[in-house]
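This report goes through a single protein chain. The sequence and the model are shown first, and the description follows.

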Amino acid sequence: MKMDPGNFVIETFLFCQIKVGMFGNSSILFYYIILIFTEKHLTPKDLIIEHLTFANYLTVILRGFPQTMSYFGFKNFLDDMGCKLIVYISRITRGVSLYAMCLLSCFQAITISPNNSRWIKLKYRATKYIGPSCSVSWLVHLLLNILTPLRESGTNYKKNASNRLSYGYCSLFASDSVATTLYISLVCFSDVFCLGLMACSSISMVTILYRHKRQVKHIHSAQHFLKVSPEDRATQTILILLCTFVISYSFSSIVAIIRTYLNYPVIWGVNIFTSLEIFFPMFCPFVLITNMRYSSNLFLPCLGKR
């Protein structure tokens with residue numbers, strides 16, 4: 001099989017992304033599994049990160065491996081049911097990842113807000129409802145994407161259809177019906193709503209950090225001036241994740257729109273879209289690891305105090 005040099009580079013980069021992403025997310029999951037078995041106390045932020053990491057791990061596997069196998073010639077390794085299942089679960093994990101990032105940013109903005117602000121009442125309520133809301137998010141996106149399998153089929157689909165868009169291991173049925181338009185609008189509204197909350201919480205966190213920095217400048221002690229609080233460090237980490245997520249999400253959405261409106265499959269476009277989709281799940285765990293207080297004890301968390 002003759003390989004195009006450009007596609008080969010993209011596929012090699014994609015394969016490296018998969019390995020790095022699996023290693024990073026596995027490390028975070030392993031960290032929390034041991035914390036649970038050693039009966040360590042998990043904070044609400046830990047619960048959000050658990051769900052975010054698990055969703056990212058599934059996204060890396062379900063989006064990366066089928067595309068790589070398809071490129072190397074395994075085009076019929078999934079039947080129609082397998083294709084529907086993989087695409088369905090990957091859509092759920094993508095939605096949960098977006099929701100978890102939204103929840104994480106909003107929770108951090110509430111956490112670092114001044115005690116004399118109007119958000120003080122939410123600090124105590126948010127702590128109580130974080131766990132259930134993370135669990136409910138899986139059910140919500142399971143129902144929200146319930147129609148996704150109807151628009152997908154395997155490459156060995158027998159019926160002839162002119163509105164099928166193949167992307168290697170699966171095919172997408174492009175439809176202009178009113179029901180499909182309403183369904184896509186509902187999914188887009190959910191995504192835009194979460195992105196809007198993330199933007200508002202990001203502005204709030206930046207404002208709080210800026211005010212805090214101005215207040216610290218009035219402290220004449222160099223020791224206090226140079227010290228960065230754990231809350232500020234965590235907030236900066238979340239802001240980095242938010243910026244990375246929005247950039248990755250925006251570019252992947254643009255490529256997806258371009259790919260959908262093309263009348264013929266473009267392999268490099270599919271590869272770039274997949275690479276952009278799994279960039280954040282690959283990048284996220286390493287940012288989280290650097291912010292962990294005892295990151296050196298990642299594989300032996302039971303030896304470190306929490």
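## Basis and terms

A residue is called buried when its relative accessible area is under 20%, exposed when it is over 50%, and partly exposed in between (1.4 Å probe, protein chains only). By that rule C194, with a relative accessible area of 9%, is buried.

The model is predicted: local features need pLDDT of at least 70, side-chain atom pairs count only at pLDDT 80 or more, and totals for chains, interfaces and linings use all residues. Residues are numbered from 1 along each chain as its sequence is written, and side-chain values use heavy atoms, with hydrogens and water left out.

## Overall layout

The protein chain contains nine helices and three strands. Both kinds of element are DSSP runs numbered from the N terminus, helices being H or I with at least four residues and strands E with at least two. In sequence order the pattern is α-α-α-α-β-β-β-α-α-α-α-α. Of the 306 residues in the protein chain, 45% count as buried. Contact here means heavy atoms within 4.5 Å. Among contacts in the protein chain with a separation of 6 or more, 80% are between residues 24 or more positions apart.

An unreviewed UniProt entry places the feature "transmembrane region" at residues 12-35, 47-65, 85-108, 182-210, 238-262 and 268-289. UniProt positions are given in the numbering used here, feature names are shortened, and annotations may be inferred rather than shown by experiment. In the model, residues 12-35 are 100% helix and 0% strand, with end C-alpha atoms 35 Å apart. Residues 182-210 are likewise 100% helix and 0% strand, and their end C-alpha atoms lie 42 Å apart.

Helix α3 covers residues 80-111. Its 32 residues reach 46 Å from first C-alpha to last, close to the 46 Å expected at 1.5 Å a residue. The expected span of a helix is 1.5 Å times one less than its number of residues. Because 24 of the 32 residues of α3 are buried, this helix is largely enclosed by the rest of the structure.

Helix α9 has 13 residues, which should span 18 Å at 1.5 Å a residue; the end C-alpha atoms are 19 Å apart, in agreement. The buried residues of α9 include F280, P281, M282 and C284.

## Nonpolar cores

A nonpolar core is a set of buried Ala, Val, Leu, Ile, Met, Phe, Trp, Tyr and Cys residues joined through side-chain atoms within 4.5 Å. The largest one has 36 residues, and I48 and M101 have the most contacts inside it. The elements giving two or more residues to this core are α1 (5-37), α2 (44-71), α3, α4 (120-144), α5 (178-217), α7 (230-261) and α9 (279-291). The largest share, eight residues, comes from α3.

Setting aside residues up to four places away in sequence, M101 touches L52, M198, L241, L242, F245 and F280. A second, separate core of 13 residues includes L62, V96, W138 and C170.

S90, in α3, is buried at a relative accessible area of 5%. The S90 side chain reaches the backbone oxygen of V87 at 2.7 Å. Beyond its neighbours within four places in sequence, S90 is in contact with L62 and R63. L62 lies in helix α2 and is buried, with a relative accessible area of 13%. Apart from neighbours within four places in sequence, L62 is in contact with I86, I89, S90 and Y169.

T59 is also placed in helix α2, and is buried at 6% relative accessible area. The side chains of T59 and T93 are joined by a polar contact of 3.0 Å. A polar contact is a pair of N or O atoms within 3.5 Å; within protein, one must be able to donate a hydrogen and the other to accept it, and residues adjacent in sequence count only if both atoms are side-chain atoms.

## Cysteines

How many disulfides does a search of the whole structure find? The search finds zero, a disulfide being a pair of cysteine sulfur atoms within 2.5 Å. C194 is in no disulfide, and the nearest cysteine sulfur, that of C102, is 4.5 Å away. C134 counts as buried, at 3% relative accessibility.
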